[in-house]
Amino acid sequence: MNIPSTFQSLPRVLSYRCLRSVSKEALAYTDLFVPPFSDKVEWKSGLGGSIHLLYGWVRSTRPAVIVEIGSARGRSACAMALACRQNGTGRVYGIDPHTANDWTDGGTGGSTYDFFVGRLRRYRLTVWCEVIRATSDQAAATWDRPIDLLFIDGDHTYEGVRRDYELFAKWVRPRGMVAFHDSLWEHHPKHPNARPGIGVPRFMEDLRRQGFHLVTADAFPGLTLLNPGAGGLSLLPSHPPTSDAS
């Protein structure tokens with residue numbers, strides 16, 4: 001007997017509804033990741049499947065300092081802040097001027113700040129995420145702490161993404177990571193959301209040619225990870241381990 005998928009998922013949806021009514025953890029998780037709940041939140045985000053990669057990376061590596069350039073309405077920041085809360089350590093610093101620009105997500109009209117802050121309060125994540133209402137240049141002028149994860153998703157022009165990287169990559173720890181969103185748009189030129197002037201793929205290619213080790217996940221529209229050291233993270237110690245034998 002074939003049971004329609006709608007009815008197959010009904011017990012799961014009902015279970016989540018019960019949990020959402022009593023748990024901010026479940027409310028945040030379902031609003032971020034679980035349809036139909038996530039579909040009803042007006043995230044207006046182009047993050048796509050990359051949200052799962054960011055959340056999983058934070059849960060796995062337990063970063064202390066996460067810097068996000070380009071928070072918009074806060075879906076990625078909320079996901080990473082939720083992961084920090086579940087880890088019991090770490091904080092997200094979301095940098096965005098929250099004004100309309102050429103890369104503002106459609107339908108937001110540039111009014112992203114109130115929505116973002118409202119979501120952090122709704123999920124009780126304000127302790128785990130600091131909103132920095134500034135451009136990357138303004139924020140970089142006073143930044144002074146090491147970074148474990150740098151997520152760049154702001155100005156998508158070649159010059160813009162390069163500037164954001166150069167401003168903050170110097171603060172990334174040797175074992176830290178840089179993540180770039182929208183790195184596969186060159187492979188989807190006919191997609192209805194494709195925009196002219198996206199320079200992220202070109203900058204990724206520049207970094208690859210310079211000797212940086214890049215790994216790109218084909219989670220539309222692409223998420224590329226790199227270690228800030230040319231050639232990537234060394235997998236062997238700089239000196240051979242000494243023998244324990246006497």
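This is a predicted model: local features need pLDDT of at least 70, side-chain atom pairs count only at pLDDT 80 or more; totals for chains, interfaces and linings use all residues.
Colleague: How many helices and strands make up the secondary structure of the chain?

Modeller: The chain has 246 residues, and buried residues make up 47% of them. Its secondary structure comes to ten helices and seven strands.

Colleague: What share of the contacts with a separation of 6 or more comes from residues 24 or more positions apart?

Modeller: The contacts in question are those in the chain with a separation of 6 or more. Among these, residues 24 or more positions apart account for 71%.

Colleague: What part of the accessible surface belongs to carbon and sulfur atoms?

Modeller: The accessible surface of the chain comes to about 13,200 Å². The part that belongs to carbon and sulfur atoms is 52%.

Colleague: Which element supplies the largest share of the largest nonpolar core?

Modeller: This core has 37 residues, and those with the most contacts inside it are L32, F33, M80, V92 and L125. Elements that each supply at least two of its residues are α3, α5 (50–61), α6 (75–87), α7, β4 (147–152), β5 and β7 (223–226). The largest share, eight residues, comes from α6.

Colleague: Which residues does V92 contact, leaving aside neighbours within four places in sequence?

Modeller: V92 is among the residues with the most contacts inside the largest nonpolar core. Leaving aside the neighbours within four places, its contacts are I66, A77, M80, A81, C84, W128, C129 and E130.

Colleague: How many residues are in the second, separate core?

Modeller: The second core is separate and includes I95, W143, V172 and F180. Its size is 30 residues.

Colleague: Why is β5 described as largely enclosed by the rest of the structure?

Modeller: A residue counts as buried when its relative accessible area is under 20%. The strand β5 has ten residues, and it is largely enclosed because the number of them that are buried is seven.

Colleague: Which residue of β5 stands opposite L150?

Modeller: The strands β4 and β5 pair in the parallel sense, over five bridges. Opposite L150 in this arrangement stands a residue of β5, V178.

Colleague: Which residues of α3 are buried?

Modeller: Helix α3 is mostly covered, with seven of its ten residues buried. The buried residues are A26, L27, A28, T30, D31, L32 and F33.

Colleague: Which residue caps the N-terminal end of α3?

Modeller: At that end a side-chain oxygen lies 3.2 Å from the backbone nitrogen of E25. The residue that provides this oxygen is S23.

Colleague: Which residue forms a salt bridge with R119, and is that partner buried or exposed?

Modeller: The count of salt bridges comes to eleven. In one of them, R119 is paired with D31, with the closest N and O atoms 3.3 Å apart. The link joins distant parts of the chain, since R119 lies in helix α7 (residues 113–122) and D31 in helix α3 (residues 24–33), 88 residues apart.

Colleague: Why are R209 and E205 separated by about one helical turn?

Modeller: A salt bridge of 3.4 Å, N to O, joins the side chains of R209 and E205. R209 is exposed, with a relative accessible area of 64%, while E205 is partly exposed at 27%. The separation is about one helical turn because, in helix α10 (residues 200–209), they are apart by four residues.

Colleague: Is S183 buried or exposed, and which side chain does it meet in a polar contact?

Modeller: S183 is found in the loop between β5 (172–181) and α10. Its relative accessible area is 7%, so it is buried. Beyond four places in sequence, it touches V200, P201, M204, T216, P221, G222, L223 and T224. The polar contact, of 2.7 Å, is with the side chain of T224.

Conventions: Residues are numbered from 1 along each chain as its sequence is written. Side-chain values use heavy atoms; hydrogens and water are left out. A salt bridge is a side-chain nitrogen of Lys or Arg within 4 Å of a carboxyl oxygen of Asp or Glu. Buried means under 20% relative accessible area, exposed over 50%, partly exposed in between (1.4 Å probe, protein chains only). A polar contact is a pair of N or O atoms within 3.5 Å; within protein, one must be able to donate a hydrogen and the other to accept it, and residues adjacent in sequence count only if both atoms are side-chain atoms. Contact means heavy atoms within 4.5 Å. Accessible areas come from the Shrake-Rupley method with a 1.4 Å probe; for residues, only the protein chains shown count as cover. A nonpolar core is a set of buried Ala, Val, Leu, Ile, Met, Phe, Trp, Tyr and Cys residues joined through side-chain atoms within 4.5 Å. Two strands pair if DSSP finds at least two bridges between them.
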